[in-house]
Amino acid sequence: SPPVTDGKNLFIGDDIGCMYALDSKSGKIRWTFDTGMRIVGSPAVSEGVVVFGSANYNIYGLDAKTGKEIWHLTTRQAVMGAATIHEGIAYIGGGDGRMFAIDIHTGKIKWSFDELKNYVLTRPLIYDQKLYFGCWDTYFYALNLLDGSLVWKWNNGKGNSKLSPASVWPVAANGKLFITAPDRYFTCLDAKTGAEVWRTKEYKVRETVGLSEDGKTVYSKCMWDTIVAMDATAQTPITRWATHADFGYEHNPAMPLEKDGTLWVSTKNGLLLGMDAATGKVLWRHKIGNSILNTPLPLSNKECIFTSSEGTITYIKVK
């Protein structure tokens, strides 16, 4: 899974069902916790608790220091979704048609939303007292953060679940919500109402989106060689820059993330790119194997940690 950190340790799940805690400086393994079945979604960590789901139907809360189980919650299907924690509550989607809000210290369910028609894979977004996420049932949802009630849901007009906005990790700024999906559209929605502000198919974007640190620009990785930056403040689709980055055909749902002015972009072919976030200029290219690189964890504009489908965890520093 993509890595997360509490500042001292990294927390990463793998395809054979182990959750790892590694020293973020040395990479030394501090502890492992075996669930017996694959961990797909990225974990979340807060207040000394690591929360994540497993394909063994369970959601876990572990002590971040020791890896010992504090609690687990058994659901009706595999849990593939990534976790988000906010003010002591973990939000994570399952495979049984439910989105959960769970107290991270007790494992007790605060609320669950039970109206989903397929599984959740994404990392939920918290913005303006709402929880936003897509599901593989063709819909994108906005729930009331306090009680899990439905505020609105949006559909791209297509009934094919394979075109759902479900893999992308949504971002929001300026009262707007930004997503991409396998339908190749870049979509901007009103965060309060779910109404479409704009949609464009000018660039063949797919399942990736990132937000600049100042909230003024959104980024996406296209299916053919291009990274695009769009104006996040505008009411119409305005391109800030589009760079032909020469990475070939691409369908890896790894989010492009900005840190201190550098945009970090990972691909399905083991290529990691560093780009100037303001201009789109490619600063450097670094090849690590030939497999999928997951959503990176930028530590600064010079340092980054990322995982690959080859089973490697890599720390790099740009000279």
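1. A nonpolar core is a set of buried Ala, Val, Leu, Ile, Met, Phe, Trp, Tyr and Cys residues joined through side-chain atoms within 4.5 Å. The model is predicted. Its largest nonpolar core holds 27 residues. Tyr132, Trp152, Leu177, Phe178 and Phe186 have the most contacts inside this core. Two or more residues each come from strands S15 (139-144), S16 (150-155), S17 (171-173), S18 (176-180), S19 (186-190) and S23 (224-231). In soluble globular proteins, nonpolar side chains tend to be buried together.

2. Look next at Trp152. Leaving aside residues up to four places away in sequence, Trp152 touches Tyr132, Phe140, Tyr141, Ala142, Leu177, Leu189, Asp190, Ala191, Lys192, Thr193 and Gly194.

3. Now the sheet. Four strands form an open sheet in the order S13-S14-S15-S16, and the pairing is antiparallel. S13 (125-127) and S16 are the edge strands. Each has a single partner strand, so one side of each lacks a neighbour in the sheet. Neighbouring strands are turned by 20 degrees against each other on average, direction ignored.

4. Inside that sheet, S14 (residues 130-134) pairs with S15 over 5 bridges, in the antiparallel sense. Gly134 has Phe140 of S15 as its bridge partner.

5. Ser291 deserves a separate check. Ser291 lies in the loop between strand S28 (282-287) and strand S29 (297-298). Is Ser291 buried or exposed? Its relative accessibility is 10%, so Ser291 counts as buried; the cut-off for buried is under 20%. The Ser291 side chain reaches the backbone nitrogen of Glu310 at 3.4 Å. Beyond four places in sequence, Ser291 touches Thr267, Lys268, Asn269, Gly270, Ser308, Ser309 and Glu310.

Terms used
Residues numbered from 1 in each chain as written. Predicted model: local features only at pLDDT ≥ 70, side-chain atom pairs only at ≥ 80, totals over all residues. Heavy atoms only, no water. Buried < 20%, exposed > 50% of the residue type's maximum accessible area, 1.4 Å probe, protein only. Contact = heavy atoms within 4.5 Å. Pairing = 2+ DSSP bridges. Axes fitted to C-alpha atoms, helices over the stretch in contact; angles between N-to-C directions. Polar contact = N/O pair within 3.5 Å; in protein donor to acceptor, adjacent residues only side chain to side chain.
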